[in-house]
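Please consult the sequence and the structure while reading.

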Amino acid sequence: MESPLTPYVPVAIVLFLAGAMAAAIPFIAGLLGPRSPSAVKSEIFEGGNPPIGSARQRFAVKFYVVALLFIVFDVEAVFLYPWAVNFQQLGWFGYATMAVFAATLVVALVYVWKKGALSWES
Amino acid sequence: MTFVLSNPWLHGLVFGAVLVSVLMALVAFITWFERKLAGRIQSRLGPTMVGPFGLLQPIADAVKAMQKDFIVPKDADRFLFWLAPPLTIAFALATAAVIPFSKDVLAANLDVGVLYALAFSGLLAFPTWVAGWASNNKYALLGGMRMVAQGISYEIPMVMAALVPVTLAGTLSMQGIVEYQVASGWIIATPVGAAAGLLFLTTALAEGNRIPFDIPEAESELVAGPTTEYNAIGWSIFAASEYAHSVITAAIVSALFLGGWDGWWNLPPLLWMVAKTGFVFLIVTWVRWSLLRFRSDQLMALCWKYLVPGALLLVLIAGIQVSVRG
């Protein structure tokens, strides 16, 4: 009896091996490399001047707008996947349904476009 | 051999070990290849001194990087600063698990292979952001933010472009898509497939933070972006995972659009897959050393105003093609 999770066993092993490889390299480098920290060495690079304030400050809102747009359109893309796989059984009715769905999202895209959310410098 | 193939644990262990070690060796070789090619393009020789044709240069570089003092900057988040480089290489290597290199050479034949590959290659933006945040450096943080914005934006047209082969083949399994191409012709041979392939390659360049989309790193404005504060092995791992990501993306493009291990003249399928991957990687490298960098606003406009609607249109056209074919 084959469990539906059987194909994922190799994936888990590859993940483990990739993680082990990724952990081994810095570990070995840590053994090989010297360790002599000093105040000047660990200074943060900011064009050669002493850094002004913390780097972790408030950030431009445009990045958050991109994140919001991403969620909407990525969920759309995820919805398209089961449709694409079962498309040959669904026929033209399935096609029309998906076309309506896609059209709704195009309307949304036009809306955010006209609102100026897609222009980076504003 | 059949015993190994039928037991999922042994299968994963054998193919996983081969996959990870071959990829790491390949990454070393590829840095040499890229430097040689870059040298040719810029009328230089590239590495020549270490070993024949400079072939041992990557090994010399790795040994050197390992012996350096790994400096953690002042007030950095030590744990995240250490964590970010291994995460990038782990994600890059894990992506390769579902790529079919021939009929049998495949670590995991998942039903949702395409989704798995896209998910892991999309995850790559986040360790970069972790690096930017942990560094406590303004350039690094800005670079990390740009990486996330660019990574998630280009994720959408990339996922949609990958939908075209999925729609045509009617399966999400990478092996299934290659088998479809063996039976009914390569996807790049159809107009919609060719357009989707080009679109996928473009978005893959952006996902992998390659020129002309290397805005997060933008040396002229951000020093080195998220990797500004990284030196020694940390920086080397970032560089290695960028190459690993590029070559794995090239393999995904070959499998989804160029017929994977399908070929002529009774040559081994594995050879065809490697040749196609090498060809796509050659294009990626050539682009890198020929083009200039986009601006941030051009990058975002290209993605949202052209690639997203274009990719959606391609999916709908692919749907019509499948329906008409019946």
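## Two crossing helices

H2(B) and H11(B) are roughly perpendicular to each other, because angles of 65 to 115 degrees count as roughly perpendicular, those under 35 as roughly parallel, those over 145 as roughly antiparallel and the rest as oblique. The two helices pack at an angle of about 100°, and their axes lie 9 Å apart. Helices here are DSSP runs (H or I, at least four residues), numbered from the N terminus. Axes are lines fitted to C-alpha atoms, for helices over the stretch in contact, and angles run from 0 to 180 degrees between N-to-C directions.

On the side of H2(B), the contact involves Leu23(B), Leu26(B), Val27(B), Ile30(B) and Thr31(B), while H11(B) provides Ala240(B), Tyr243(B), Ala244(B) and Val247(B). Two residues are in contact if their C-beta atoms, placed from the backbone, lie within 7 Å. By class, this contact has 8 nonpolar, 1 polar and no charged residues. Ala, Val, Leu, Ile, Met, Phe, Trp, Tyr, Cys and Pro count as nonpolar, Asp, Glu, Lys and Arg as charged, and the others, Gly among them, as polar.

## Basis of the model

The model is predicted: local features need pLDDT of at least 70, side-chain atom pairs count only at pLDDT 80 or more, and totals for chains, interfaces and linings use all residues. Residues are numbered from 1 along each chain as its sequence is written, and chains are lettered from A and ligands numbered from 1 in the order in which they are written.

Chain B has an average pLDDT (the predictor's confidence in each residue, from 0 to 100) of 84. In chain B, 98% of the residues score at least 70. For the complex, the predictor gives an ipTM of 0.81 and a pTM of 0.86.

## Where the chains meet

The contact takes 55 residues from chain A and 71 residues from chain B. On the side of chain B that touches chain A, H13(B) gives the largest share, 14 residues. The residues of that side comprise 48 nonpolar, 15 polar and 8 charged.

## A residue in helix H7

Met160(B) is found in helix H7 of chain B. Is Met160(B) buried or exposed? Met160(B) is buried, because 29 other C-beta atoms lie within 10 Å; the cut-offs are 20 or more for buried, 12 or fewer for exposed, and partly exposed in between. Not counting residues up to four places away in sequence, Met160(B) touches Ala77(A), Ala311(B), Leu312(B) and Val315(B).
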